[in-house]
Amino acid sequence: MIEVRQLLEEDILEIWIIQKKSFQEDFKLNRDFSPAIETLESFTERTKKYDVFTILYNKHIVGGMFVKEYNTSRIWKLSRIFIEPEFQSKGIGSFVINYIQEKYKDVDTWILETPEKNKKGQIFYENNGFKNIGITKITENLNTINYIKENI
C-alpha cells in the first residue's frame, strides 16, 4: 500500500539518506550538482522552503517529494521526487504524481526539470503526461530537460 504524508521532523534524516541513494546514478552521469551530494544541513534548510512529502510503501519510508509555488499560485514546480532504488518501477512514483495533482487541484500547470542524461527519468515523466518543452544548459557537463504538465 502506498501512502503520502506531509514531512514530519523525525523523517528528515531517513528521507535525506534515501535522496542520496536515489540520485547516485545522476551524480555518476553528470558529475556536477546533484541531490546525491547535498549536505544534511542544506537538505534540512530546503525542507523549510518547500512543501515536502514523505512517501511510504507498506508503512516503510521509501522516498520523498518537494513541490513549490512558481511565480504564481497557478503554476507549481515539482522540484524533486525520489524513490529508494529497490522500490522503483513499482508504480509508486506514478501514484505520487497523481496524488500531488489531486491534492493541489487549483494548480493549473506543473513544471519540472531532469538531467538530459537521465533517460529513465525522462521516460517516467513522459509516461506521466509531462511534455518536453526544451533544454537548458546548467553547466559545462549538465543540461536539463524542461517539462510541463497542464492539470486537466
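Analyst: In this predicted model, the buried residues of helix H1 are Ile 12, Ile 15, Trp 16, Ile 18, Gln 19 and Ser 22. They lie on the same side of H1, because the arc that they cover around the axis is only 165 degrees. An α-helix has 3.6 residues a turn, so residues three or four places apart point the same way. The cover over the buried residues of H1 is supplied by several elements, including helix H2 (24–30) and helix H3 (40–47). Strands S2 (51–57), S3 (60–70) and S4 (72–83) are also among the elements that cover them.

Leu 13 also belongs to H1, which spans residues 12–22. Together with Ile 17 and Leu 40, Leu 13 forms a nonpolar surface patch, and the three have about 230 Å² of accessible area together.

As for the chain as a whole, it contains five helices and seven strands, in the order β-α-α-α-β-β-β-α-β-α-β-β from the N terminus. Of its 152 residues, 45% are buried. Among contacts with a separation of 6 or more, 59% join residues 24 or more positions apart. The radius of gyration is 15 Å, which agrees with the value near 15 Å for a compact globule of 152 residues. Along the principal axes, the C-alpha atoms fill a box of roughly 35 × 35 × 30 Å. The chain exposes about 8,500 Å², and 52% of that area comes from carbon and sulfur atoms.

Definitions and conventions. Residues numbered from 1 in each chain as written. Predicted model: local features only at pLDDT ≥ 70, side-chain atom pairs only at ≥ 80, totals over all residues. Heavy atoms only, no water. Patch = residues over 30% accessible without salt bridge, like charges linked within 9 Å, V, L, I, M, F, W, Y side chains within 5 Å. Areas by Shrake-Rupley, 256 points an atom, 1.4 Å probe, with all protein chains shown as cover. Salt bridge = Lys/Arg side-chain N within 4 Å of Asp/Glu carboxyl O. Helix = DSSP H or I, 4+ residues; strand = E, 2+ residues; numbered from the N terminus. Buried < 20%, exposed > 50% of the residue type's maximum accessible area, 1.4 Å probe, protein only. Arc of directions from axis to C-beta. Contact = heavy atoms within 4.5 Å. Rg over C-alpha atoms; globule rule 2.2 N^0.38 Å.
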